[in-house]
Amino acid sequence: MINIAVFASGIGSNAVNLAKTFNSGSRIRVALCLTDKEEAPVIEKMRALGVPTEYFPRTIWRNEPQAILDVLRAHDIQMIALAGFLCFVDDAIVKAYEGHILNIHPSLLPAYGGKGMHGANVHRAVIENGDTKSGATVHIVTNEVDAGPIVLQREVEVLPGDTPETLEARVHEAEYLLFPEAILKSLATMTETIEAAEPATEKTQPTPPPIPQSVDDAWAEALGVPNHVPPIPQSQPVYAPYDAFSAPSTPQSMSGRQPEMATAPQPVAPASQQTAMPPTYLVWSVLATVLCCTVPGIVAIIMSSKVSSKFYQGDIEGSQRASRNAEIWIIISFVLGVISQTLYLPLTIAGLF
Ligand code: GRF
């Protein structure tokens with residue numbers, strides 16, 4: 001699980017969008033929200049979504065960055081997203097999370113960036129300059145304002161008659177798609193960088209898997225269960241044909257002593273054989289399970305593939321719907337698998353297989 005912290009100072013619609021986008025999945029989570037404004041609307045909104053949210057006054061942000069770093073570490077934060085955060089981020093934080101802090105800016109940087117360029121100021125300047133295109137940018141935060149490497153941008157049209165408010169609304173809509181996508185892109189790059197830094201020997205010389213000795217061994221290994229059933233010798237029957245109840249009784253058995261059947265030599269079979277299931281049980285039960293899981297499993301894969309395609313088409317709701325459907329089919333597949341596993345043994349014992 002990758003934990004993201006969002007820093008926000010205002011309304012928090014981007015912070016809320018990130019939490020709603022990521023927190024229903026299981027790989028990335030908005031795990032913390034920090035603000036520099038005690039009355040910021042984002043506080044209640046994020047708490048309502050179950051995201052721990054804390055306020056630190058600007059004096060702390062400026063003079064005690066270690067206090068902020070301590071909270072980030074306590075929540076095991078790996079990435080920070082600045083979503084309308086109007087406070088200075090101290091160098092100590094930028095350094096500690098170098099390359100892992102993203103900021104969203106409501107223009108096509110480098111245009112309309114820098115000091116004083118935020119919110120309505122940006123949109124007003126765009127309209128006054130007669131630009132026909134604006135948009136939003138997600139960039140990596142460095143110690144220069146709005147100047148770090150750009151991760152992704154998204155354009156919007158500036159329409160005739162636009163006011164700063166109408167343009168801002170259109171840019172916001174673009175931001176709701178852009179910011180999650182930029183976070184995913186950065187995380188993918190981070191993962192590639194980590195993999196590339198791993199020692200080459202680990203990649204080029206993988207340990208060869210042990211060679212299975214039989215089909216049963218192979219299945220046992222795939223399932224992670226022990227397979228200790230010894231091979232059955234072909235020349236001897238497993239059980240000696242001895243029927244204690246029809247064995248001839250002796251005077252001793254009539255005299256109140258232990259009956260013959262208790263003292264007669266018992267057929268000797270190893271303990272593992274006395275309780276062993278048929279050796280093909282493992283193979284057939286796994287095949288039964290695989291067959292039961294295949295169809296719902298394929299449906300789950302189709303649904304899963306729709307999640308990202310819908311997401312990149314901008315259909316967040318459709319993506320969430322596909323994600324829910326995929327979950328349902330995965331559960332159906334799992335339940336069918338469990339049922340087939342559970343029923344196989346009694347059906348085998350009853351002689352139906
Ligand atoms: C967004 O437009 C973002 O680009 C800028 O601040 C605004 C924050 O809006 N950095 P919200 O608080 O997320 O609604």
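Modeller: With how elements are named and angled: helices (H or I, at least four residues) and strands (E, at least two) are DSSP runs, numbered from the N terminus. Axes are lines fitted to C-alpha atoms, for helices over the stretch in contact, and angles run from 0 to 180 degrees between N-to-C directions. Contact means heavy atoms within 4.5 Å. Here, helix H2 (residues 41-48) lies across strand E2 (28-35) and E3, at about 150° to E2.

Biologist: What kind of model is this?

Modeller: It's a predicted model, where local features need pLDDT of at least 70 and side-chain atom pairs count only at pLDDT 80 or more, while totals for chains, interfaces and linings use all residues. Residues are numbered from 1 along each chain as its sequence is written, and side-chain values use heavy atoms, with hydrogens and water left out.

Biologist: How do I read the confidence?

Modeller: pLDDT is the predictor's confidence in each residue, from 0 to 100. The chain's mean is 81, and 75% of its residues reach 70 or more. Residues 208-212 fall below 50, and that stretch has three contacts in the model beyond near neighbours in sequence. Residues 230-275 are also below 50, with 23 such contacts.

Biologist: In what order do the strands of the sheet come?

Modeller: Two strands pair if DSSP finds at least two bridges between them. The seven strands here make an open, mixed sheet ordered E3-E2-E1-E4-E5-E6-E7. Strand E3 (53-55) and strand E7 (150-157) are the edges, each pairing on one side only. Inside the sheet, E4 (residues 79-82) and E5 (residues 101-105) run parallel, joined by three bridges; Leu82 stands opposite Asn103 in E5.

Biologist: And which residues touch the most other members of the largest nonpolar core?

Modeller: In soluble globular proteins, nonpolar side chains tend to be buried together. A core is a set of buried Ala, Val, Leu, Ile, Met, Phe, Trp, Tyr and Cys residues joined through side-chain atoms within 4.5 Å; buried means under 20% relative accessible area, exposed over 50%, partly exposed in between (1.4 Å probe, protein chains only). Of the 40 residues in the largest one, Leu18, Val42, Met46, Val138, Phe179 and Ile183 touch the most other members. Helix H7 (residues 164-197) gives the most, nine residues. A second, separate core of 23 residues includes Phe7, Leu69, Ile80 and Leu82.

Biologist: Which residues of H6 are buried?

Modeller: In helix H6 (residues 120-128), they're Val122, His123, Ala125 and Val126. They cover an arc of only 160° around the axis, so they sit on the same side of H6; the arc is that of the directions from the helix axis to the C-beta atoms.
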